Amino acid sequence: MSSPIQTDRRLANQTLLIDADDTLWENNIYFERAITSFISYLDHRIHTAEEVRGHLNRVEHATILSHGYGLHSFRRSLVACFEQLTDMPLTDEKHRRIESFAQSIADQEIELLPKVEPTLSELGTRHRLILVTKGDKIEQTDKLHRSGLAPHFTAVEVLAEKHRQAYLSVASHHGCEACNTWMIGNSPRSDVNPALSAGLNAIFIPHDFTWVLEHEVVNQPPPGQHLLELASFADLTRHF
């Protein structure tokens, strides 16, 4: 991916739309640990761990369509997956055990990714920062509060889904000029591709444990738009 910015200067007075989970703080690693524990607990006699995980992915996709994102959906998915793959009765004890895997995520302290706080602090002196995340509004707002990062943002948008129309709405609501607006995140499916489709610029910061349902081929930017790939969030200060 080519850099749209001259190496001897930084852009100023931009609007930076910034993702939260796995961009500012760790998130999916805790889901991966919970899923590993769930698969071990299920201990299926026929299906391999990979097959159980594939089935859970399909269950999660269906649950999200019906109930949205968040831990409540994840709990539903674990229970549904268990019921679909075993002929054992779902006793109260088993139900509590399965829900404990999701609860372990809720109990997790917020772990900021390297140099996120000082990078936001510096970027905020030159640019308008807007948090744009998706999921359950109460959960995402709580995580932002616990992270201590809320003061760095002039606005917060918690979206039900991140698609082209959602970005067009956010840009219109906040008076964003497309050529000076950048969506920054780790997800090709939710952060990069739909933002480019909405006429915005995008910055892709890959994360080693991005959720499999967020995987997608990164599109090339249309003429007049820009796409930049960075190794870490801290690298933003070299360009902005």
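**Core, fold and selected residues of the predicted model**

Of the 24 residues in the largest nonpolar core, those touching the most other members are Ile 18, Leu 24, Leu 120, Phe 153, Ile 203, Phe 233 and Leu 236. A nonpolar core is here a set of buried Ala, Val, Leu, Ile, Met, Phe, Trp, Tyr and Cys residues joined through side-chain atoms within 4.5 Å. Buried denotes a relative accessible area under 20%, exposed one over 50%, and partly exposed a value in between, with a 1.4 Å probe and protein chains only. Two or more residues of this core are contributed by each of β1 (15-18), α5 (116-123), β2 (128-134) and β4 (181-185). The largest share, three residues, is provided by α5. Another core, of 23 residues, lies apart from this one and includes Ala 34, Phe 38, Leu 42 and Val 59.

The structure is a predicted model, in which local features require a pLDDT of at least 70 and side-chain atom pairs count only at pLDDT 80 or more, while totals for chains, interfaces and linings use all residues. Residues are numbered from 1 along each chain as its sequence is written, and side-chain values use heavy atoms, with hydrogens and water left out.

The protein chain contains eight helices and six strands. Helices (H or I, at least four residues) and strands (E, at least two) are DSSP runs, numbered from the N terminus. Read from the N terminus, the order of elements is β-α-α-α-α-α-β-α-β-α-β-α-β-β. The C-alpha trace spans about 65 × 35 × 30 Å along its principal axes. For 240 residues, a compact globule would have a radius of gyration near 18 Å, and the 19 Å of the protein chain agrees with this. The radius is taken over C-alpha atoms, and the globule rule is 2.2 Å times the number of residues to the power 0.38.

Of the 240 residues, 50% count as buried. The accessible surface of the protein chain comes to about 11900 Å², and 50% of this surface belongs to carbon and sulfur atoms. Accessible areas come from the Shrake-Rupley method with a 1.4 Å probe, and for residues only the protein chains shown count as cover. Contact means heavy atoms within 4.5 Å. Among contacts between residues at least 6 apart in sequence, 75% join residues at least 24 apart. The chain carries 22 positive and 32 negative charges, whose mean positions are 3 Å apart. Lys and Arg count as positive and Asp and Glu as negative, whereas His and the chain ends are not counted. The place of a charge is taken as NZ of Lys, CZ of Arg, CG of Asp or CD of Glu.

Individual residues illustrate these features. Ile 18, in strand β1, has a relative accessible area of 0% and is therefore buried. Leaving aside neighbours within four places in sequence, Ile 18 is in contact with Thr 23, Leu 24, Leu 120, Leu 129, Ile 130, Leu 131, Val 132, Phe 153, Met 183, Ile 184 and Phe 233. Ile 18 and Glu 157 are 139 residues apart along the chain, and their C-alpha atoms are separated by 9.9 Å.

The loop between α4 (92-106) and α5 holds Lys 115, and Glu 111 also lies in the loop between α4 and α5. Lys 115 has a relative accessibility of 60% and so counts as exposed; its phi is positive, at about 60°, although the residue is not a glycine. Glu 111, at 39% relative accessibility, counts as partly exposed. Not counting residues up to four places away in sequence, Glu 111 touches Trp 25, Glu 26 and Tyr 30.

Asn 13 is located in the segment before β1 and, with 65% relative accessibility, counts as exposed.

Thr 141 belongs to helix α6 (residues 137-147) and counts as partly exposed because its relative accessibility is 39%. Thr 141 and Phe 240 are 99 residues apart in sequence, and the C-alpha to C-alpha distance is 26 Å. Glu 229 is part of strand β6 (residues 227-229) and is partly exposed, with a relative accessible area of 40%. Glu 229 and Ala 202 are 27 residues apart along the chain, and 8.6 Å separates their C-alpha atoms.
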